[in-house]
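Dear colleague,

Please find below the structure that I am handing over to you, followed by an account of what was found in it.

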Amino acid sequence: MGTQIGVGVSHHRNPTMAGKEAVARALQQAAIESADDRPDFVMVFATVGYRQQVLLKSIREVTHKAPLVGCSGEGVIAQGVADESNFAVTVLVIKSEEMRFTYGLETGIKASSGRVGEAIGEAVLGSVTHLEAEGEAKQEVKALFLFLEGISPNFDEFMEGLRRRTTLEQSIPAVGGFAGDNLAIRETFQYCDDQVVTDGAAWALLSGSVKVSSVMSHGCMPVGERHTVTKSSRNAVYEVDGRPVLEVLEAYLTEAEVGDWSIAPVMLGWAFDSSGGAEAELLGQSDRHMIRAMASRNEQAGAIYMMSNVVEGSSFRISRRDRERICDKAAQMADSLLAQVKANAGDAARPKLILQVECVGRGKLILREPEKLALSHQLQTKIGKDIPWIGFYAFAEIGPMSGQNCVHNFTGILTALY
């Protein structure tokens with residue numbers, strides 16, 4: 001049998017019909033012809049115009065209760081699709097002798113990201129122990145997919161919790177993202193089998209004989225001088241270069257951003273130093289930085305709040321989104337991913353599946369619709385327009401950088417299974 005993979009998309013406004021239509025198209029691409037043939041694994045991304053539980057029920061029924069994980073997104077991505085409307089769903093089905101998935105869901109991440117990380121760490125360790133008991137070696141565990149509640153998690157505390165329960169985290173690349181809700185920033189959804197929750201982390205551990213590679217690019221340009229964080233607490237920054245952080249930021253704000261702070265976090269990020277890697281060599285010096293978004297500010301406290309912890313002494317430069325650079329880097333990102341696939345599996349190797357996680361700010365917030373579609377077309381044409389392709393627009397992106405699993409902002413991440 002080998003591996004059969006398919007991705008289907010629907011824009012139907014009725015959630016029951018949308019679920020059935022997306023699954024039917026995925027099964028057709030995967031050449032799973034029998035209506036009774038159950039996939040081994042299902043992944044789902046959808047926008048929030050749907051009644052989420054009804055949508056998931058429909059998908060579960062027509063996939064015969066196959067194992068399922070996923071989340072809501074600000075938009076969904078597939079071959080020829082980059083849809084940020086209220087009604088879009090994409091479904092991945094996999095039937096494979098080469099891949100195996102163990103999976104689950106933990107809730108309570110708003111109250112304690114660390115506790116949820118610990119719970120998933122215990123589950124991952126239990127899954128690995130079970131695989132070893134069945135004769136599979138540790139190196140057969142290939143990736144950890146993570147889909148987290150999109151608004152409130154502290155990713156650093158989540159990963160610290162994960163590490164406390166398993167020593168395997170550093171050797172397992174984690175890829176995925178924070179769920180979205182069409183920029184309402186009120187309530188995001190996470191999926192696991194029949195469950196739809198708003199306070200959780202869905203996960204899936206991939207093992208088997210496949211290989212996994214990821215590349216990323218943010219397309220931002222550092223501006224101005226280098227700064228040092230001189231006073232911080234967890235994810236709150238109070239002073240930079242010994243001065244109030246809000247005072248330092250004033251020099252980088254446009255007139256529009258001064259008048260409306262909500263614009264500033266969309267356009268300005270903090271570019272922290274990273275050693276990069278092989279993909280950074282190809283993508284260029286500026287993409288060796290890890291971008292962090294300013295999640296919010298508190299003028300009374302004199303603080304900027306980031307989406308992860310910030311250590312005092314950290315060096316960074318303010319970075320501004322660059323529309324042209326986002327598009328220009330797409331071709332280089334595709335080239336880098338294909339180079340990794342060929343280096344690891346031979347010149348004839350091709351991806352079996354692409355997972356694309358894009359920052360919400362690499363969609364309609366910044367790019368005009370033709371630019372956004374051209375970006376997707378460029379990536380998919382380079383890598384292969386016949387390759388199953390699934391993804392979503394996320395509130396934050398998860399991927400390995402310099403051998404460490406990190407949360408990113410303003411970033412696009414491509415992951416290939418091959």
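I begin with F158, which, leaving aside residues up to four places away in sequence, touches I109, S113, G114, V116, G117, I120, L146, L148 and A201. Please bear in mind throughout that this is a predicted model.

F158 is also among the residues with the most contacts inside the largest nonpolar core, together with L148, F178, I383 and L414. That core has 56 residues, and helix α9 (residues 323–345) gives the most to it, with eight residues. A second, separate core has 35 residues, including V9, C71, A78 and I390.

Helix α4 (residues 155–165) contains F158 among its buried residues, the others being F155, D156, E157, M159, G161 and L162. The elements that cover these buried residues include α3 (113–133), β8 (141–148), β9 (174–178), β12 (200–208), β23 (396–401) and β24 (404–408).

Strand β13 (residues 212–217) pairs with β25 in the antiparallel sense over six bridges, and the bridge partner of V212 is L417. Strand β21 (residues 353–359) likewise pairs with β25 in the antiparallel sense over six bridges; here V357 has I413 as its bridge partner.

Elsewhere, six strands form an open sheet of mixed pairing, in the order β1-β6-β2-β3-β10-β11. Its edge strands are β1 (3–10) and β11 (195–197), each of which pairs on one side only. From one strand to the next, the twist averages 10°. Within this sheet, β2 (residues 41–46) and β3 (residues 68–72) run parallel and are joined by five bridges, with A46 opposite S72. Helix α1 (residues 15–29) lies across β1 and β6 (89–96) and runs at about 145° to β1.

T47 is placed in the loop between β2 and α2 (52–62). T47 counts as buried because its relative accessibility is 0%. Its side chain reaches the backbone oxygen of N86 at 2.8 Å, and its contacts beyond four places in sequence include Q52, G73, D83 and N182.

Turning to charged pairs, a search of the whole structure finds 21 salt bridges. One of them joins E118 and R165, with the closest N and O atoms 3.6 Å apart; E118 is in helix α3 and R165 in helix α4, 47 residues apart. E118 counts as buried at 18% relative accessibility, whereas R165 is partly exposed at 33%.

R320 and E257 meet in a salt bridge at 3.1 Å, N to O. R320 lies in strand β20 (residues 315–321) and E257 in helix α6 (residues 255–259), so the pair ties together parts that are 63 residues apart in sequence. E257 is buried, with a relative accessible area of 2%, while R320 is partly exposed, at 21%.

A further salt bridge is that of R350 with D386, at 2.7 Å between the closest N and O atoms. R350 counts as partly exposed at 44% relative accessibility, and D386 as exposed at 53%. Finally, R60, K65, D193 and D194 are linked in a network of salt bridges.

With kind regards

Terms used
Residues are numbered from 1 along each chain as its sequence is written. This is a predicted model: local features need pLDDT of at least 70, side-chain atom pairs count only at pLDDT 80 or more; totals for chains, interfaces and linings use all residues. Side-chain values use heavy atoms; hydrogens and water are left out. Two strands pair if DSSP finds at least two bridges between them. Helices (H or I, at least four residues) and strands (E, at least two) are DSSP runs, numbered from the N terminus. Axes are lines fitted to C-alpha atoms, for helices over the stretch in contact, and angles run from 0 to 180 degrees between N-to-C directions. Contact means heavy atoms within 4.5 Å. A nonpolar core is a set of buried Ala, Val, Leu, Ile, Met, Phe, Trp, Tyr and Cys residues joined through side-chain atoms within 4.5 Å. Buried means under 20% relative accessible area, exposed over 50%, partly exposed in between (1.4 Å probe, protein chains only). A polar contact is a pair of N or O atoms within 3.5 Å; within protein, one must be able to donate a hydrogen and the other to accept it, and residues adjacent in sequence count only if both atoms are side-chain atoms. A salt bridge is a side-chain nitrogen of Lys or Arg within 4 Å of a carboxyl oxygen of Asp or Glu.
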